[in-house]
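Here's a quick walk through the model on your screen. Keep the structure open and follow along.

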Amino acid sequence: MDYKIQDPSVPGPSETPSPVTDRNSGPRSGEQPSTIRKFLLSRGSSAFADKGFRWLMVLCAVSIFGIVALIATELTLRSQLTISKFGIWFFFGSAWDPVNGNFGALPFIFGTLVSSLIALIIAVPLAVGVAVFITEMCPLMLRGPLSFFTEFLAAIPSVVYGLWAVFVLVPLLREHVNPVLIKLLGWTGLFSEPNFGIGMFAAGVILSIMILPIISSLTREVMTAVPQSQREAVLALGATRWEMIRVGVLRNARIGIVGSIILGLGRALGETIAVTMVIGNRPQIVKSLLAPAYSMASVIANEFSEASDDMYLSALIEIGLALFIVTIIVNGLARLLVWAVTRGAPARA
Amino acid sequence: MTNHYKSSAANRIWRTVANHAATGLAVLSTILVVAPLIAIFIYLLYKGASSLNLAFFTQIPKPVGESGGGMANAMVGSGILLAVASSLGIPIGIAAGIFLAEFGRFSRLANAVRFTADVLNGVPSIVMGISVYSLIVLPLKHFSALSGGVALGIMMIPTITRTTEEMLLMVPHAVREAALALGVPNWRSVLSITLRTASPGVITGCMLAYARVAGETAPLLFTAFGNQFWSLNLNQPIAALPLQIYVYALSPYDEWHRLAWAGALVLIFLIVVSVSLVRYVTTRGVLKGAS
């Protein structure tokens, strides 16, 4: 689903040991157009058509800026009402009362942050484990099918995840997992009755399944970008395979791994449908993770079409604007980190 | 390295144990990751296959309480939405990709476009939905297939742009220079030589974009809106497969749950087919490029 995920499968040679180094520092991108080409271009007899074509392409490329700018201005304009009425307090108020025109987004922000955090806590160790297994340990024969499998996990639409979560995951959690959690971790107050099945924890679990492929395939990408000589050097010092992975690979790739985790976070923050189906949709801030909650994206999905008055609509759009800004920051940060590693910049800062 | 690496017997045993433990953990996490995928597939096949029949593909939804009915209108609706989306997303996406690879390769503008495309790729789909709602639905005052298609089309652009760029960069310079040396104008050489050579990869990018937006529900909630009846009109609300699955899954009726599973199976099947096709085309394309 996410472009970056299927990205390794696109250029085809992702099965080869080091696609990233091939793609970025190979002869291809370093190859400058030759002087012959410059001569041939300047000699062209169709200068007018060429210029027109060039400008058309530039226009299309610039339209991408236009789209992002349009989204930003549109969201800002349509949420003027609540921005001017509540100001910054919109994000700290916990009242959500459309009837009396009183809006505070705190319960939704809380729900989004906590469910994404649960997702990261579950997904990150697993994703790194899978990436380590696929790049460093597994037999070559298994590598292709396994990476295809994890990439395929990313191509499943979120509504299908939601469907599965509602009918399979939630009953499973309610009957088997949650009672155990209540028994073992009940003393922390994070897992306490009532146990509905749906709620913050269910949302976190389904989110973790959804962001896993993103984190793992990007982690794999930065790990393959670590030069083979690093591994060989550590092995030559007499290290075991795990020590080689820890010292030679993970330590070199750590910035990229952090980048991929942040990218997964960006995805989790904006995920709508699957979360809406299992989070319980109740705007409240409680300590128990088993209780129903609400997230920013799901309040928009549920209430947008019922928003009757302008203030209500404006409040929902402002939540959307906040989501937009946060995901832009998170994604930008993640891309910069991933670029820093895969573009051959020194991994050790 | 410090005293970890002293070669005492105890140390060696500890290191061997750590090594095996790490291997075990990596294998375990792989199993834990693959398990949900298999579980999802088994459930889809088990629940979906039993409710797939001819009626599912030929009939429109029945009112609550009546059994039977299908999602024919939703499948056609999804097709129409994808057609609108691709007529917007594919030209812009490919053109931006051409700009990145052929004209602006190392320029600052190109870097900015790349970055913006990545940002656009990360915009949550629900935000895309409300933006298109306020851009198109509010001024026109009604939900429409057109607005749904535009939302999906915008979401296709970044994927297509980046894959087109990567594929064009794989085309050797000699090919371009050969065309220019024959006196072919540059625009012609880009379109019918470079783009043609890279076409398997570019098609791959488009298919990936399709696979991604075909399953999107959130941007359609307030744009295409859904429709229980037949509609081919671009100006009217239209049904879409993911939207229908969403509505049916949250309904309290068993009959609708059954249809939701069947719909999900069809959706997944379409995506599996397109992703495998992509796999096939890419490997073939690479072989061609290598020879």
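## Where the chains meet

In this predicted model, 86 residues of chain A are in contact with 89 residues of chain B. On the chain A side, the largest share comes from helix 5 (residues 47–78), which puts in 19 residues. Sort chain A's side of that contact by class and you get 55 nonpolar, 21 polar and 10 charged residues.

Leaving out residues up to four places away in sequence, Val119(B) touches Val68(A), Ile328(A), Asn331(A) and Gly332(A). Is Val119(B) buried or exposed? Val119(B) is buried, because 20 other C-beta atoms lie within 10 Å, and 20 or more is what the buried class asks for. Back in its own chain, Val119(B) has its C-alpha atom 8.8 Å from that of Pro158(B), although 39 residues separate the two along the chain.

## Chain A overall

Chain A has 15 helices and 2 strands. It runs to 349 residues, and 51% of them count as buried. Now look at contacts in chain A with a separation of 6 or more: 76% of them are between residues 24 or more positions apart.

## A helix pair in chain A

Next, find helix 11 (residues 228–236) and helix 12 (residues 241–270) of chain A, whose axes come within 9 Å and cross at roughly 150°. The crossing of this pair is right-handed.

Which residues make the contact between helix 11 and helix 12 of chain A? Helix 11 brings Gln230(A), Arg231(A), Val234(A) and Leu235(A), and helix 12 meets them with Glu243(A), Met244(A), Val247(A), Gly248(A), Val249(A) and Asn252(A). By class, that contact has 5 nonpolar, 3 polar and 2 charged residues.

## The nonpolar core

The largest nonpolar core has 196 residues, and the members that touch the most others are Ala165(A), Ala202(A), Ile206(A) and Val278(A). Helix 10 (residues 200–225) of chain A gives this core its largest share, 17 residues. Chain B is in there too: the core draws at least three residues from each of domain 1 (3–51) and domain 2 (58–290) of that chain.

Setting aside residues up to four places away in sequence, Val278(A) touches Gly162(A), Ala165(A), Val166(A), Val170(A), Ile198(A), Ala202(A), Ala203(A) and Ile206(A).

## Two domains in chain B

Chain B is divided into domain 1 (3–51) and domain 2 (58–290). How far apart are the C-alpha centres of these two domains of chain B? The answer is 35 Å. The domains do touch, with 6 residues of domain 1 in contact with 7 residues of domain 2. Domain 1's side of that contact has 3 nonpolar, 2 polar and 1 charged residues.

One last stop is Leu277(B), which is in helix 11 (residues 254–290) of chain B. Leu277(B) has 14 C-beta neighbours inside 10 Å, so it counts as partly exposed. The C-alpha atoms of Leu277(B) and Met207(B) are separated by 8.5 Å, with the two residues 70 apart along the chain.

Methods
Residues numbered from 1 in each chain as written. Chains lettered and ligands numbered in written order. Predicted model: local features only at pLDDT ≥ 70, side-chain atom pairs only at ≥ 80, totals over all residues. Domains from an automatic or database assignment. Contact = placed C-beta atoms within 7 Å. Nonpolar A, V, L, I, M, F, W, Y, C, P; charged D, E, K, R; others polar. Axes fitted to C-alpha atoms, helices over the stretch in contact; angles between N-to-C directions. Helix = DSSP H or I, 4+ residues; strand = E, 2+ residues; numbered from the N terminus. Left-handed = near helix turned anticlockwise from the far one by under 90°. Buried ≥ 20, exposed ≤ 12 C-beta atoms within 10 Å, placed from the backbone. Core = buried A, V, L, I, M, F, W, Y, C linked by C-beta atoms within 7 Å.
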